[in-house]
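Hi there,

Here is the structure I promised to pass on to you. Please open it next to this email and follow along as you read.

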Amino acid sequence: MNVNLEHYKVFYHVAMAGGITLAAEELSISQPAVSQSLKQLESNLGTSLFVRTSKGVRLTAEGELLFSYVKRGYESILLGENKLSEMINMENGEIRIGASDMTLQFYLLPYLEKFHELYPKIKVTVTNGPTPETLRYLQEGRIDFGVVSTPIICKQDFHITKVREIGDVFVAGSKFEHLKDKKLPYKALEELPTICLEQNTSTRRYIDHYLEGKGVVLNPEFELATSEIIVQFAIRNLGVACVMKDFAKKYIESGELIELKFECEIPGRNFCVVTDQKNPASSAAKSLLNMMDQT
């Protein structure tokens, strides 16, 4: 049975209003157009849906049955439209982001703070993980976008935007004060106790690749999950730590850590915002991305 859904809309409003005139006013169409729509619906269904009275109309038994289903369906559609409008107008919705502790703390957090002030009803979910895990979540459609650090090995259809340059350093506590003013060869790291991130991170992969080019292979005494913990281990003289410099900056300035100097600096790398062109971001996520792009 092929029934124009517009006829059910008219049917709903006539039943709710109890009359053709009021329904026509609500729908902003003429009374004859309402009457014609009802006649067409009744003809298609093969039954009378209303009894015409001096005070308007009332539903027949068949009309009551049909209305009990049409009411639920039509009001669900209206609710869906309202929710969609709220989402488009940033009154509700959700953003799903993938980020590491490093990209969250030193790039993303100020934007989230500003965004929340503007749109407090938008739910923000941040999945914390290293770059490879974030890229996998993006590919699977589990996040709207990721904020990661290079190096990046990813699908061809990812869109990658560099947003900030970062640098990596080796730092140590007071036990290694004798190294403070020396310019060391990287080979010296093989004779020192070292502390690094776990091997499944882009940072560790980058450092290992760079040092291998210098003929150096690290065998860390400690492999840890977060850079913040690495810094705490270094302060306690448990080894020479490799971290992104921002994590150690305040401790270097306070004298709790020293930055070791080498024959040449480790080349800089970048924070990047990554989106998947095959999985469009939500309206809320697009607003946040635009905010990040404008600064």
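This is a predicted model: local features need pLDDT of at least 70, side-chain atom pairs count only at pLDDT 80 or more; totals for chains, interfaces and linings use all residues.

**What I found**

Residues are numbered from 1 along each chain as its sequence is written, and side-chain values use heavy atoms, with hydrogens and water left out.

Met292 also belongs to the largest nonpolar core, which has 40 residues; Ile95, Phe145, Leu288 and Met292 have the most contacts inside it. Such a core is a set of buried Ala, Val, Leu, Ile, Met, Phe, Trp, Tyr and Cys residues joined through side-chain atoms within 4.5 Å. Buried means under 20% relative accessible area, exposed over 50%, and partly exposed in between (1.4 Å probe, protein chains only). Helix α5 (residues 101-118) gives the largest share of this core, seven residues. Helices (H or I, at least four residues) and strands (E, at least two) are DSSP runs, numbered from the N terminus.

Next, the sheet. Five strands form an open sheet in the order β4-β3-β5-β14-β6, with mixed pairing; two strands pair if DSSP finds at least two bridges between them. β4 (123-128) and β6 (158-166) stand at the edges with a single partner strand each, so one side of each has no neighbour in the sheet. Eight bridges join β6 to β14 (residues 269-276), and these two strands run antiparallel. In one of them, phenylalanine 158 has aspartate 276 in β14 as its bridge partner.

Now look at glutamate 259, in strand β12 (residues 258-259). Is this residue buried or exposed? Glutamate 259 is buried, with a relative accessible area of 17%. Its side chain makes a polar contact with the side chain of lysine 245 (3.3 Å). A polar contact is a pair of N or O atoms within 3.5 Å; within protein, one must be able to donate a hydrogen and the other to accept it, and residues adjacent in sequence count only if both atoms are side-chain atoms.

Finally, how many disulfides are there? The count is zero, a disulfide being a pair of cysteine sulfur atoms within 2.5 Å. For cysteine 196, the nearest cysteine sulfur, that of cysteine 242, is 5.4 Å away.

Enjoy exploring!
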